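Notebook open, model loaded. I'm jotting down what I look up as I go.

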Amino acid sequence: MTFFIQLVINGILTGGMYALMALAVVIVYKSSSVFNFAHGSLVALVSFVFWQLMVPWQMPIWLTLPLLIVFIAIVSILIQRLILQPLTGQSLMSAIMATIALGEVFNGAVVLFWPGPGRLLPKFVTSTTHRLGAVHLSSESLVSFLVCAVCFIVFLIFFHRTKFGLAMRGTAEDHTLAQSEGIRVSRVFVVSWFVAIAIAGVGGVLMGSLFGLSFEPLHGLGMKALAVVILGGLESILGALIGGIAIGVAEALASGFVDPLVGGGASDIVPYIVLLVALIFKPYGLFGYERIERV
Amino acid sequence: MKYKPCGTFDQTYEQDNALVRTRFRWAMLSALLVFIFVLFPCLAGDYLLDVAINIGITIIAVIGLQIIVGFTGQISLGHAAFMAVGAYVSAMLSFHLNWSFWIAFPVAALTSGLMGLLVSIPALRIRGFYIAVTTLVAHYIIMWSILHGGWVTGGLTGMSSHEVTIGGFSIGTERRYYFLTMVLTAAAIFLTVNLTRTKIGRAFVAVRDNDLAAEFMGINVFKTKVLAFFLSSVYAGVAGSLLAHYQGIITVEQFTLMDSIWMLGMIIIGGHSVLGAIMGVCFLKVLQQIILIVAPTIGQLVPSLAGSAVAGSMQLFFGAVIILFLVFEPRGLSHRWRLTWSIFDLWPFPY
C-alpha cells in the first residue's frame with residue numbers, strides 16, 4: 001500500500017510537469033487552432049540555448065533571462081510571420097506538416113550545434129529527501145512541481161484577469177468576431193506562441209537541472225505533452241491539468257507494477273495506451289468540444 | 001487536369017481511356033523503361049545501384065502512403081511502423097521457419113495490411129487530426145512491441161533474413177536485387193495509377209473532398225477509410241519485406257517516427273498524386289545524397305560541428321525544404337511539372 005501511495009505521489013509530481021507542457025500546446029491550439037507538434041523540439045531548443053548562455057558563456061542569471069526572453073520573442077515572431085501567417089486557411093495536412101517540419105528544423109539545429117552526450121545545468125536545488133509518513137519525497141521533484149504549479153497559476157491569472165488575456169479568450173472563441181472588436185489577432189497569435197515557448201523553456205530547464213540535458217528525453221517530454229492534450233481535450237486548460245496528472249500517475253504505476261512483469265520500458269508506452277483507449281471511447285478528449293458539422 | 005497535345009482527338013472509347021495517349025509519350029515511356037532496366041544497371045556501380053534500390057523501395061512505401069494522404073485525405077504518422085511490421089514478419093518467417101522469400105513476402109504484406117486495418121478501426125468515430133494521432137499511437141505501440149519482443153523479434157539486435165532465390169538462382173547482389181525492386185516498383189505504380197480510375201479510387205477522392213457529402217452519395221465512409229488504410233499498409237508491408245531481404249538484417253532504428261515524417265514530407269514536396277510520390281521521393285533522396293557529400297566538407301571547415309554535421313544538417317534542410325514547399329508551392333513538384341508540360345502540349349495554339 002505504501003508502495004502504491006509512493007507511486008501515485010511520484011506520478012502526481014511528474015504529472016505537474018506534463019500538465020504545464022500540455023498547457024503550452026493548449027494555449028497555441030486555443031488561439032490559432034494550430035496543433036503544435038514542434039513542442040518537444042522547442043523544449044530542447046530553449047533549454048540548450050539556456051545552457052549555452054549559462055555554462056559556456058558564463059553569463060549571470062540576470063543577463064541570461066532577458067537574453068532568453070528576447071530569443072523566444074524573435075522565434076515566436078518568426079514562426080508566426082514566416083510560416084503560419086502564409087498558411088492561414090490551408091488544409092489540415094499543411095498545418096500539421098508545418099509544425100512537424102518546424103520541429104525538424106529545431107531538432108536539426110540542436111543536433112548540429114550541441115552534439116554528443118548530455119550536458120549538465122547548474123542545480124537550482126540541493127537534493128535532499130523528505131519523509132512524509134512512509135512516503136519519500138525528493139526536494140528536486142517537489143520544487144519542480146511547485147514551479148510548474150506557479151507557472152500554471154500565473155498563466156491562469158494572466159488569462160482571466162488581464163485585458164490581453166481577455167483578447168486571447170476572445171480570439172479563442174472566434175477570429176473574425178475578435179477582429180471586429182478591434183483585437184489584433186496576429187498579435188495574439190505571436191503572444192500565445194511566446195507564452196508556449198517560454199513554458200517549453202521552463203519545462204526543459206527544470207528537467208535539465210534534474211536529469212541533465214540531452215536531446216531525447218527533452219523531446220520525449222514534449223511528445224508526451226501531445227498525448228496529455230489529446231486525452232484532456234484540445235481546447236481545455238482544465239483538461240491539460242487533469243490529463244497531465246492522470247498520465248503522470250498512469251506512467252508511475254506502470255513503472256512500479258507492470259515493468260517487473262515485462263522486463264522494463266512499460267512506462268514509455270502506457271501514456272500512449274491510455275491515449276488509444278481515450279480515442280476509442282471519448283475521441284474529443286475528456287473536456288474537449290464535440291464538433292458538429294454541416295455540409 | 002489532363003491535357004492532350006494540340007490537335008489530338010479521341011475517336012474511340014479506348015483512346016479516351018488510354019493512360020499513354022500519343023506516340024511521343026509512348027516513345028518517352030519506352031526510353032525511360034530502357035534507361036531504368038537496361039542502361040542504368042549496365043553503367044552504374046554498386047553504390048548508385050544501392051541508392052536506386054532504396055529509392056525504389058521508398059517509392060513503393062510512399063505510393064502506399066499517398067493512398068491515405070493524397071487520395072483519401074487522412075494523415076498517417078505510422079507508415080514506418082507498418083513498414084516495420086512487413087519487414088519483421090518477413091524476416092521472422094525467413095529466420096525462424098526458413099520460409100522462402102516468395103511465401104514470406106505475401107504473408108508479410110498481408111499481415112501489415114491487417115495491422116493497418118486494425119489501426120483504422122477507430123476511424124469509425126473520429127476523423128482528420130484524431131486519425132493522425134491514432135496512427136502516431138500505433139507507431140509507438142508497434143515499435144515498442146517489436147523492441148520488447150525477446151527472441152521472437154530479436155529486440156535491440158534486430159532480425160536477419162535469408163537471401164532471395166528464384167529456383168536456386170540467388171538474387172544476392174545489388175545488380176540482381178535492383179531488377180527485383182524495379183519490377184515491383186513499376187507494378188506498384190501501374191496498379192495505383194489504375195486504382196485511381198476505379199470505383200474504389202473515386203470513392204477515396206470523394207471521402208477526401210468531403211466525407212459527409214460522400215456518405216450522402218451512398219459511399220460507405222468507414223469501409224472506404226478502412227480499405228484505404230489496408231491497401232496503404234499492404235504497400236508498406238511490401239516495401240518493408242523488400243528492405244528486410246535486401247539488407248539481410250533489420251533493426252528498430254530503421255523504422256523511426258522520423259521515417260514516417262520523411263515520407264509525409266516526400267508527399268508534400270511531390271504533390272498529391274502517384275507522380276507526386278515518385279517525384280517527392282527522388283527529390284528528397286537526391287537532396288540526402290547531396291548533403292551526405294557536402295556535409296563532411298562543412299565539418300572540415302568548422303571542426304566543432306564535425307561530429308554532427310551530417311545528421312544535424314539533414315534534419316535542418318529537410319524541415320526547411322518542407323516549410324518552403326508548404327508556403328510557396330503547396331501543390332508540389334508534380335503540379336509545377338504538369339503546368340510546364342501543358343505549355344508544350346498546347347503549343348502553338350494555347351486555348
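I started with helix α4 of chain B, residues 79-96. It has 18 residues and reaches 25 Å from its first C-alpha to its last, close to the 26 Å expected at 1.5 Å a residue (the expected span being 1.5 Å times one less than the number of residues). Helices here are DSSP runs of H or I, at least four residues, numbered from the N terminus.

A note on conventions before going further: this is a predicted model, where local features need pLDDT of at least 70, side-chain atom pairs count only at pLDDT 80 or more, and totals for chains, interfaces and linings use all residues. Residues are numbered from 1 along each chain as its sequence is written, while chains are lettered from A and ligands numbered from 1 in the order written.

Is α4(B) buried or exposed? I find 16 of its 18 residues buried, so α4(B) is largely enclosed by the rest of the structure. Buried means 20 or more other C-beta atoms within 10 Å of a residue's own, exposed means 12 or fewer, and partly exposed is in between, with C-beta atoms placed from the backbone. After α4(B) comes Asn98(B), with a positive phi near 60°.

Confidence check: chain B averages a pLDDT of 87, and 97% of the residues score at least 70 (pLDDT is the predictor's confidence in each residue, from 0 to 100). The model has ipTM 0.85 and pTM 0.88.

Next, the chain contact. I get 38 residues from chain A and 39 residues from chain B, contact meaning C-beta atoms, placed from the backbone, within 7 Å. On the chain A side, α4 (92-113) and α11 (266-281) each supply at least two residues. α4(A) gives the most, 16 residues. By class, I note 28 nonpolar, 7 polar and 3 charged residues on that side; Ala, Val, Leu, Ile, Met, Phe, Trp, Tyr, Cys and Pro count as nonpolar, Asp, Glu, Lys and Arg as charged, and the others, Gly among them, as polar.

Then a helix pair inside chain A: α2 (residues 39-54) and α8 (residues 185-211) pack at about 65°, axes 7 Å apart. Axes are lines fitted to C-alpha atoms over the stretch in contact, with angles from 0 to 180 degrees between N-to-C directions. Residues making this contact include Phe50(A) and Trp51(A) of α2(A), and Gly201(A), Gly204(A) and Gly208(A) of α8(A). They divide into 9 nonpolar, 6 polar and no charged.

Last stop, Glu181(A), in the loop between α7 (175-180) and α8 of chain A. Glu181(A) counts as exposed because it has 12 C-beta neighbours inside 10 Å.

Key: Contact = placed C-beta atoms within 7 Å.
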